[in-house]
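Please keep the sequence and the 3D view open while reading.

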Amino acid sequence: MGAWLQHGEGMTQRTILLLCGGRSDEHEVSLASARSVMSALTQPSLNSSRADISAIPIVIDRSGRLYSQEASQQLLDRPVAFSLPNMSKTLETFPTEDSLASNAIANIHADVVFPLLHGPYGEDGSVQGLLKLMGLPFVGANVLASALGMDKLAMKAAFFAAGLPQVAYQAVNRHDWRANPDEVILRLEPLGYPMFVKPANLGSSVGVSKAVSSRSLRRALDLAARYDKRIIVEEAVNARELEVGVLGNETPAASPVGEICHNSSFYDYDTKYREGQASLQIPANIDNAVAAQCQTLALRAFEAIDASGLARVDFFYDDTGRIYVNEINTMPGFTQTSMYPKLWQAAGLSYRDLIVELVELALESHSS
């Protein structure tokens, strides 16, 4: 077993409060992650020295209300079908808890909160700040790291300060774009076509477009501006997409390197979540030296934002042999078929034991 498993001896009983859903456009992704965790925890552990964990799920709906425990379980018991995000979807009609989230959370007796929320209002420090204020141990990054990991422009500034290699990029303010579109286009075109246009504060490739001309750049900026007032425009590179999982607190470990393989023009939401659109290759078919460099850069990126618990660091590996840090995700997709758990499975850590380890890391972080 790896060093990341050494947190004491003997079986321990733990209860986690599993927060999922949320207000972001990654609502369905979060529910899928939560379903995987709930399913795994009903299975017996293959490692008798690991904690026995039970989970109490609480679903947060798209307006920020908390479902009751019974309604949350009922929703998670439903089969899931991924669809493209739609901000105007009708809210589910389930009983909800006290409108003050802290009251509802405080009334549940759990050892650790697992905020399995992706995107804004969950992965950006919002929930982490609430939990920290309440004095509750929670899985994953603290407030600062969560906020930096969510905001791509702030993240890139932190990476630049740490001397990490990145592709060229520029920031666009939504007001400037709408007030002076021709000026903005003129400023961006030196990046060269194609280029990628992204909202600064969304994940799962929501609102992301590949612009190949001035006309498509305008469409891409209009789309990104629907989701955020801050937009990032990046130089496109002809590159393979590599990913590394990081696990730990002050002495984190890096997983083997994985590669995302797909045939679409870029790794968009539909490609990520529709079955058969993409495949994961672990370990990636790369030289050992390249793999080692990715692992080192992943740990440096983790440190650059002061992350803790878990993160997935994504890279571009171009046809000239250069490696660029693309981004860090402080609460990556967490289904049993997602890249992050698969990377650790390749390292010998099962999905269930990964959950246990994250719970122990949360308690360790809370007590330090």
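## Cysteines

At 0% relative accessibility, C294 counts as buried, whereas C261 at 25% is partly exposed. Buried means under 20% relative accessible area, exposed means over 50%, and partly exposed lies in between, with a 1.4 Å probe and protein chains only. A disulfide is a covalent bond between the sulfur atoms of two cysteines. Here a disulfide is taken as a pair of cysteine sulfur atoms within 2.5 Å, and by this rule the count is zero.

## Basis of the values

The model is predicted: local features need pLDDT of at least 70 and side-chain atom pairs count only at pLDDT 80 or more, while totals for chains, interfaces and linings use all residues. Residues are numbered from 1 along each chain as its sequence is written, and side-chain values use heavy atoms, with hydrogens and water left out.

## The chain as a whole

The protein chain has 13 helices and twelve strands. Helices (H or I, at least four residues) and strands (E, at least two) are DSSP runs, numbered from the N terminus. Of its 368 residues, 52% count as buried.

The protein chain exposes about 16200 Å², and carbon and sulfur atoms supply 48% of that area. Accessible areas come from the Shrake-Rupley method with a 1.4 Å probe; for residues, only the protein chains shown count as cover. Among contacts in the protein chain with a separation of 6 or more, 71% are accounted for by residues 24 or more positions apart. Contact means heavy atoms within 4.5 Å.

## Helix α1 and its two partners

Two packed helices are described by the angle between their axes and the distance between the axes. Axes are lines fitted to C-alpha atoms, for helices over the stretch in contact, and angles run from 0 to 180 degrees between N-to-C directions. Angles under 35 degrees count as roughly parallel, over 145 as roughly antiparallel, 65 to 115 as roughly perpendicular and the rest as oblique.

Helix α1 (residues 27-41) packs on helix α2 (residues 69-76) at about 95°, with the axes 10 Å apart, so α1 is roughly perpendicular to α2. From α1 the contact takes L31, A34, R35 and M38, and from α2 it takes Q73, L75 and L76. By class, this contact has five nonpolar, one polar and one charged residues. Ala, Val, Leu, Ile, Met, Phe, Trp, Tyr, Cys and Pro count as nonpolar, Asp, Glu, Lys and Arg as charged, and the others, Gly among them, as polar.

With helix α13 (residues 351-367), α1 makes an angle of about 100°, and the axes are 9 Å apart; α1 is therefore roughly perpendicular to α13. S33, S36, V37, A40 and L41 of α1 meet Y351, R352 and I355 of α13. Five of the contact residues are nonpolar, two polar and one charged.

## Helix α5

In helix α5 (residues 143-150), the buried residues are A145, S146, L148, G149 and M150. They pack against α4 (126-134), α6 (152-161) and β12 (323-329).

## Strand β4

Q170 lies in strand β4 (residues 169-173) and is partly exposed at 22% relative accessibility. Its C-alpha atom is 5.9 Å from that of I232, 62 residues away along the chain. Beyond neighbours within four places in sequence, the contacts of Q170 include R187, L188, I231 and I232.

Y169 is also found in strand β4 and, at 29% relative accessibility, is partly exposed. Leaving aside neighbours within four places in sequence, Y169 touches residues including L153, K156, A157 and E234.
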